[in-house]
Amino acid sequence: MDAILNTEQEELLKRTRDTLGQLRDLLGDTAASPEDRTALADSIRQLDDLFLLVVAGEFNAGKSAFINAFLGHELQTEGVTPTTSQIYLLKYGEVTNQVPGDKGVWVQTAPIEMLQKISIVDTPGTNAILREHEALTAEFIPRSDLVLFITSADRPFSESERSFLTQIRDWGKKIVLLVNKTDILTQEGERNQVIEFVRDSAKNLVGEISAVFPISAKQAQHAKAGQPQLWAESGFEPLEQFIHDTLDDDGRFRLKLLNPLGVGLKLVRKQLSHSESDLASLQDDRQLLDDIERQMLYYDEDMQRNFKARLSEIDNILYAMEKRGDDFFDEMIRFNRVADLMRSRSLEKAFETKVVADTPKQIENRVSELVDWMVEQDLRQWTAVAEHMAQRKEAHDNRVVGQSGPKEGTLAYDRARLVSSIGAATQRAVETYDKDKEAAELAEVARSAVVGTGLAGAAGAAGLGLALTGGLHLVFLDVTGIVAGIAFATLGALILPQRRRKAKRELEEKLATLRQKLVGSLTEQFTREMSRGAQRVEDTIAPFARFVRAENDKISAQRDELVELEAHISGLQAQLKLEAIAEESGS
């Protein structure tokens with residue numbers, strides 16, 4: 001800005017720079033598009049440039065003719081076809097000249113006094129055949145300080161003009177509408193009808209419009225060229241007065257600040273929308289993780305409950321054996337069975353047949369069923385997690401149907417990559433799950449655990465059933481030792497009942513010890529396997545869980561900063577607009 005600023009203006013300029021600088025830095029940490037970052041950077045840089053006036057509208061609406069009439073010089077080529085096929089930046093220069101500038105923009109210089117305070121952009125038509133020229137025109141909109149939008153009285157407010165005005169509205173620009181070629185409207189009623197149509201249509205489309213002026217650029221040119229009688233009819237005098245009043249030093253200063261503030265506000269709100277969308281997506285991800293966590297909790301509870309029920313079955317088998325042992329002792333330790341008691345081998349065989357019976361086989365079957373059940377449940381749990389991840393991936397993919405997909409480095413890209421990776425890992429775990437191998441390994445560990453308790457005696461590396469048979473055989477030897485000395489004792493009425501009670505008690509104690517060791521061993525192994533299975537799932541999900549937590553914290557912090565910046569920008573805009581109202585009231 002070349003004007004000398006007062007203290008209040010300097011403070012406003014500083015606050016504007018600081019606020020937009022914070023936004024620029026913040027956008028650098030977000031997934032904001034390069035185009036948005038460039039638009040903001042250009043707007044900030046233009047705080048030090050001349051006031052930029054952009055003239056836009058359809059081709060043949062008379063944009064070049066207006067500029068020539070406004071400046072009072074024939075600088076731009078006019079015609080009935082799209083004569084302006086390039087963007088021209090009109091600036092002050094000692095000589096009239098045209099030179100190519102950046103991005104296909106031509107710089108037109110001329111020694112015109114007005115161009116010492118403002119620069120003017122002459123754009124191709126909004127319906128230009130060359131789409132790249134229309135894109136370049138759109139690039140200039142974020143950089144403009146004031147937009148003069150020209151529509152033609154013979155076809156006011158065409159579809160392409162409506163679309164272009166919407167772009168301008170989204171950037172929060174100050175717009176002045178010019179209805180050109182009003183000289184073709186010979187009837188006053190027709191003229192008023194066109195003006196009202198343009199004013200109402202613009203208001204419905206973009207809201208606030210600074211002003212609407214009916215003009216004839218051709219008549220204004222003729223008036224300035226020596227036909228002053230056409231000046232009043234051209235409608236240029238009220239327009240030039242409006243522009244003069246709007247673009248005085250204070251007016252230019254306010255518009256110069258409102259321009260980048262408008263760009264900043266648009267980008268803040270756009271990024272806020274992205275942040276809310278990202279946070280909603282992350283909320284869905286957190287819901288997914290919560291679902292898996294709850295499922296793991298219910299899974300653990302169900303497994304614990306079912307495991308206890310299965311252990312009860314093993315308990316019942318041993319209790320049944322104990323009951324058979326009691327019956328056996330009641331039958332054998334009697335006076336009339338003393339002869340049988342003397343035959344230890346026969347007694348041992350009878351004990352194995354009647355008491356031990358198929359107990360080892362029953363327990364082995366129950367343990368085998370327990371192992372198969374644990375393996376099956378583990379596989380089901382992996383399948384459930386795999387289905388959860390697949391559903392989440394499908395839900396995300398459905399939101400980007402018809403799009404090229406998320407860009408690398410964005411939240412959507414990173415989360416989609418993680419979900420796909422974890423989903424593939426869980427699916428692979430399910431597809432490659434070898435139930436027979438898992439069951440064999442679990443059974444071996446269970447057998448080794450039982451053998452390690454000392455129940456198996458000399459069974460060594462034998463199967464679980466044989467290990468239990470050996471353990472029960474030792475129980476028998478311990479118990480039958482009670483009656484081993486009966487033949488050498490003085491038999492009396494009290495001796496055999498006492499020995500019988502002692503045998504039952506010893507059997508109960510030995511089976512209780514066996515039951516405790518067996519159940520304890522199986523419980524320890526079950527707990528270890530449950531922990532291992534849960535840890536495998538947790539390790540698989542952990543990268544995604546960490547990602548969701550980290551991104552949620554980061555985006556929440558960015559959202560909070562964006563909300564604060566939105567408030568600052570809106571406050572600066574409100575202050576500038578209040579000053580304009582106060583100035584108008586004072587005048």
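Q: Are Phe213 and Phe242 buried or exposed?
A: In this predicted model, both Phe213 and Phe242 are buried.

Q: And how do Phe213 and Phe242 pair up, stacked or tilted?
A: Phe213 and Phe242 form a tilted aromatic pair, with 5.3 Å from centre to centre and 55° between the planes. The pair links distant parts of the chain, since Phe213 belongs to strand β8 (residues 211-214) and Phe242 to helix α9, 29 residues apart.

Q: How many aromatic pairs does the count come to?
A: The count comes to seven aromatic pairs. One of them is formed by Phe66 and Phe236, which are tilted at 50° between the planes and lie 5.6 Å apart, centre to centre. This pair, too, links distant parts of the chain, with Phe66 in helix α3 (residues 63-71) and Phe236 in helix α9 (residues 236-246), 170 residues apart. Phe66 and Phe236 are both buried.

Q: Which residues do ring pairs link into a cluster?
A: Ring pairs link Phe66, Phe70, Trp231 and Phe236 into a cluster.

Q: Switching to helix α5, which of its residues are buried?
A: The buried residues of α5 are Ser160, Glu161, Phe164, Leu165 and Ile168. Around the axis they cover an arc of only 130°, and therefore they sit on the same side of α5.

Q: Why would residues three or four places apart point the same way?
A: An α-helix has 3.6 residues a turn, so residues at that spacing point the same way.

Q: What span should α5 have, and what are its end C-alpha atoms apart?
A: Helix α5 (residues 159-170) has twelve residues, so at 1.5 Å a residue it should span 16 Å, and its end C-alpha atoms are 17 Å apart, which agrees.

Note on methods:
Residues are numbered from 1 along each chain as its sequence is written. This is a predicted model: local features need pLDDT of at least 70, side-chain atom pairs count only at pLDDT 80 or more; totals for chains, interfaces and linings use all residues. Side-chain values use heavy atoms; hydrogens and water are left out. Helices (H or I, at least four residues) and strands (E, at least two) are DSSP runs, numbered from the N terminus. The expected span of a helix is 1.5 Å times one less than its number of residues. Buried means under 20% relative accessible area, exposed over 50%, partly exposed in between (1.4 Å probe, protein chains only). The arc is that of the directions from the helix axis to the C-beta atoms. Rings of Phe, Tyr and Trp (its six-membered ring) pair if their centres lie within 6.5 Å; planes under 30 degrees apart count as stacked, over 60 as edge-to-face and the rest as tilted.
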